Amino acid sequence: MGSLDQFIKLMNVALSWEYAAMIQYIQHASMLTGPEYVAVIDEELQHAQEEFNHAVRLSDKIQHLGGIPTVVVAEVKTSLDNAEMLRQDLQAEIDALNRYRKLVEMAEAMHLYDVGQMLREIALVEEDHVINLEKALGILRAR
Ligand SMILES: [Fe+2]
Ligand SMILES: [Fe+2]
């Protein structure tokens, strides 16, 4: 399997996790409850929209690179506990950031600098999501 094939495969893995993240945020936004979570709920719905945008960008890029975008949804986590939901979201964001850093490296090693640029843009948004969730959880640093 060539490196482009491997790259497309990993782009599809990232796409599956974007679908999952979008669903997870929609569900968590509905399930979070309590006055201290009002602002967090808005933030989670904003994240859901951004994960949707990431999914669209990845899907189009996979097709453009000659692949077939997956329709598989990765694992969605949920809980009946507010803080646990936020911890699940934070872990998913840390994983996403690490996934995109690896994909940027791979893209640029293949001189696909345009694809690398797109992935850097997505990574920056994921980093913002990490920061938002760390603040919502009252932690300074989870990594
Ligand atoms: Fe995302
Ligand atoms: Fe995110």
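Hi everyone, thanks for coming. Please keep in mind throughout that we are looking at a predicted model.

Let's begin with the overall fold. The chain has 4 helices and 0 strands, so if you trace it along the sequence you read α-α-α-α, as the secondary structure assignment has it. How does the radius of gyration sit with a compact globule? For 143 residues, a compact globule would come out near 15 Å, and this chain has 16 Å, which agrees. Along the principal axes, the C-alpha atoms fill a box of roughly 50 × 30 × 20 Å.

Some whole-chain numbers next. Of the 143 residues, 43% count as buried. If you take contacts between residues at least 6 apart in sequence, 79% of them join residues at least 24 apart. The accessible surface is about 7900 Å², and carbon and sulfur atoms account for 57% of that. On charge, there are 12 positive and 23 negative side chains, with the centres of the two sets 7 Å apart.

Now to the metals. Which residues hold the iron ion that is ligand 1? Its donors come from Glu 18, which gives two OE contacts, together with Glu 51 through OE, His 54 through ND1 and Glu 126 through OE, at 2.0 to 2.3 Å. Written as a spacing along the chain, those donors read E-x32-E-x2-H-x71-E.

On to the iron ion that is ligand 2. Here the donors are Glu 51 through OE, Glu 93 with two OE contacts, Glu 126 through OE and His 129 through ND1, at 2.0 to 2.2 Å. The spacing of these donor residues in sequence is E-x41-E-x32-E-x2-H. Two of them link distant parts of the chain: Glu 93 belongs to helix α3, residues 82-109, while Glu 126 belongs to helix α4, residues 113-137, and they are 33 residues apart. Are these two glutamates buried or exposed? Glu 93 has 2% relative accessibility, so it counts as buried. Glu 126 is buried as well, with a relative accessible area of 1%.

How far apart are the two iron ions? They lie 3.8 Å apart, and Glu 51 bridges them.

Let me move to a few other residues, starting with His 47. This histidine is in helix α2 and is buried, with a relative accessible area of 1%. What does His 47 touch, once we set aside neighbours within four places in sequence? The contacts are Tyr 25, Glu 93, His 129, Asn 132 and Leu 133.

With neighbours within four places left out, Val 40 is in contact with Leu 32, Leu 86 and Ala 136. For a sense of scale, Val 40 and Tyr 100 are 60 residues apart in sequence, and their C-alpha atoms are 25 Å apart in space.

Over in helix α3 we have Ala 96, which is buried with a relative accessible area of 8%. Its C-alpha atom is 9.6 Å from that of Val 130, a residue 34 places away along the chain.

I'll finish with a backbone detail. Most residues other than glycine have a negative phi. His 111 has a phi near 65°, a positive value in a residue other than glycine. Where is His 111? You will find it in the loop between α3 and α4, and it is exposed, with a relative accessible area of 56%.

Terms used:
Residues are numbered from 1 along each chain as its sequence is written. Chains are lettered from A and ligands numbered from 1 in the order in which they are written. This is a predicted model: local features need pLDDT of at least 70, side-chain atom pairs count only at pLDDT 80 or more; totals for chains, interfaces and linings use all residues. Side-chain values use heavy atoms; hydrogens and water are left out. Donors are N, O and S atoms within 2.8 Å of the metal (3.2 Å for Na, K and Ca); water is not among the atoms, so sites may look incomplete. Helices (H or I, at least four residues) and strands (E, at least two) are DSSP runs, numbered from the N terminus. The radius of gyration is taken over C-alpha atoms; the globule rule is 2.2 Å times the number of residues to the power 0.38. Buried means under 20% relative accessible area, exposed over 50%, partly exposed in between (1.4 Å probe, protein chains only). Contact means heavy atoms within 4.5 Å. Accessible areas come from the Shrake-Rupley method with a 1.4 Å probe; for residues, only the protein chains shown count as cover. Lys and Arg count as positive and Asp and Glu as negative; His and the chain ends are not counted. The place of a charge is taken as NZ of Lys, CZ of Arg, CG of Asp or CD of Glu.
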